[in-house]
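Let's take a walk through this structure together, one neighbourhood at a time. Keep the sequence and the 3D view open as you read.

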Amino acid sequence: MPPLKYDPALAAYAQKRAEEIVQLYEHQRPNGQSWKDGVKNGAAAENITAGYGSADKAVLEQWRNSAGHYKNMTNAAYTRIGIGLVHVPNSPHGYYWVQIFGDDNTTTDYRFNNGTSSRAVLFRAVAASPAPDVLYLDGEAVPLLPQGKRDWHAIDAANHTGVFGGNTQYSRYGIVKRHDDDRYRAFSQGLPTPLAQMPQSGSVRYLGQGVAASGMERQYFHADLRADFDRKALHGTLSGAHGRLDVNALIRGNTFATPDHAEVCAKGGFYGTHASELSGTFDVRADGRTGAFGAVRQGD
């Protein structure tokens with residue numbers, strides 16, 4: 001068979017899946033969806049593994065010697081491949097590997113940016129100087145260019161509408177929907193803090209804001225969060241006229257995520273130099289609200 005072709009969009013999704021299997025080592029995503037929901041059209045398959053410190057170990061020993069994984073690797077229907085890898089020191093397995101295979105018709109909405117970071121998130125920005133100022137949604141580029149010092153900036157471009165936060169330098173977060181759709185989607189993207197710059201001790205307060213969508217209604221919140229880097233925990237509240245939401249997440253590397261059973265399911269990351277910012281998205285299990293938040297580090 002001819003060699004598989006590297007596909008950067010499948011690789012961006014594979015990188016995201018590698019981040020996700022740190023939280024949940026399954027072919028199911030942490031939000032309960034199947035991994036297949038991240039690809040469109042065509043045929044696709046996924047291989048995952050963890051704990052192997054080299055590609056020779058992961059691919060040639062584990063996957064090649066497993067009938068199901070090897071079948072995916074040698075299936076003539078697949079013509080393209082994306083590969084993801086995450087290393088999280090002191091995590092249960094350390095290294096997390098993903099292969100995603102597709103045919104010539106397989107597509108995905110995931111993208112890498114064109115900077116030095118390879119960390120992929122949904123709606124990944126293409127340009128990032130100094131913050132990711134383009135949102136990719138359904139294959140369309142939506143600009144996220146702040147104008148003046150405002151808490152929130154309107155999105156009204158490329159057939160989309162919504163808002164994004166104006167208090168962060170290295171990240172962008174908010175909610176957005178198509179003009180012909182009644183469903184908002186939350187997004188968070190940015191320039192991740194290098195692992196070498198992540199604090200390993202101390203407790204830091206982050207203040208900011210959040211927004212949620214309940215149907216067509218927008219709800220705004222004040223974000224007050226504290227990162228306990230000794231215990232690798234992030235906790236705090238999103239509060240406002242529409243009530244209070246408690247966020248209790250675990251910090252892993254330069255990302256954070258709440259446990260699967262949490263009432264407020266949040267995930268996100270730290271951005272900028274020395275974790276100067278954080279942002280993420282959340283879903284409220286009880287009423288189906290979805291939203292995003294961002295906050296800035298307060299002093300030392």
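Start at Val-59: setting aside residues up to four places away in sequence, Val-59 touches Arg-64, Met-73 and Gln-99. You'll find Val-59 in helix H2. Another residue to look for from here is Asn-47, which is twelve residues from Val-59 in sequence, with 9.8 Å between the two C-alpha atoms. Bear in mind as you look around that this is a predicted model.

Now step back to the sheet in this part of the chain. Four strands make up an open sheet with mixed pairing, and their order is S1-S3-S4-S2. The edges are S1 and strand S2 (44–50), each of which pairs on one side only. In general, the strands of a sheet pair through backbone hydrogen bonds, and they can do so parallel or antiparallel. For S2 and S4, the pairing is antiparallel and runs over seven bridges. If you'd like one of these to click on, Ala-44 has Gly-102 in S4 as its bridge partner. Two helices come into the picture as well. H1 packs on the sheet and touches S1, S2, S3 and S4, and its direction makes about 35 degrees with that of S3. Helix H2 (residues 55–63) packs on the sheet too, touching S2 and S4, with its direction at about 60 degrees to that of S4.

Next, let's follow the charges. How many salt bridges does a search of the whole structure find? The count is 13. One of them joins Arg-80 and Asp-7, whose closest N and O atoms are 2.1 Å apart. Arg-80 lies in strand S3 (residues 80–87), while Asp-7 sits in the loop between strand S1 (5–6) and helix H1 (8–23), so this pair ties together parts that are 73 residues apart in sequence. Are these two residues buried or exposed? Arg-80 counts as buried because its relative accessibility is 13%, which is under the 20% cut-off. Asp-7 counts as buried as well, at 10%.

Another salt bridge brings together the side chains of Glu-20 and Arg-29, at 2.6 Å from N to O. Glu-20 is buried, with a relative accessible area of 5%, and Arg-29 is buried with 7%.

Keep going and you'll reach Gln-219, a residue of strand S12. What does the side chain of Gln-219 make a polar contact with? The partner is the side chain of Arg-289, at 2.8 Å. Gln-219 has a relative accessibility of 5%, so it counts as buried. Leaving out neighbours within four places in sequence, the residues in contact with Gln-219 are Gly-210, Val-211, Ala-212, Ser-214, His-242 and Arg-289.

The structure holds nine aromatic pairs. Which residues form one aromatic cluster? They are Tyr-206, Phe-229, Phe-256, Phe-270, Phe-282 and Phe-293.

Lys-232 has a phi near 55 degrees, a positive value in a residue other than glycine. Its place is the loop between strand S12 (217–228) and strand S13 (233–240). With a relative accessible area of 25%, Lys-232 is partly exposed, because that value falls between the cut-offs of 20% and 50%. His-274 also has a positive phi, near 55 degrees, and is likewise not a glycine. Look for His-274 in the loop between strand S16 (264–271) and strand S17 (277–284). His-274 is partly exposed as well, at 48% relative accessible area.

Key. Residues are numbered from 1 along each chain as its sequence is written. This is a predicted model: local features need pLDDT of at least 70, side-chain atom pairs count only at pLDDT 80 or more; totals for chains, interfaces and linings use all residues. Side-chain values use heavy atoms; hydrogens and water are left out. Buried means under 20% relative accessible area, exposed over 50%, partly exposed in between (1.4 Å probe, protein chains only). A salt bridge is a side-chain nitrogen of Lys or Arg within 4 Å of a carboxyl oxygen of Asp or Glu. Two strands pair if DSSP finds at least two bridges between them. Contact means heavy atoms within 4.5 Å. Axes are lines fitted to C-alpha atoms, for helices over the stretch in contact, and angles run from 0 to 180 degrees between N-to-C directions. Rings of Phe, Tyr and Trp (its six-membered ring) pair if their centres lie within 6.5 Å; planes under 30 degrees apart count as stacked, over 60 as edge-to-face and the rest as tilted. A polar contact is a pair of N or O atoms within 3.5 Å; within protein, one must be able to donate a hydrogen and the other to accept it, and residues adjacent in sequence count only if both atoms are side-chain atoms.
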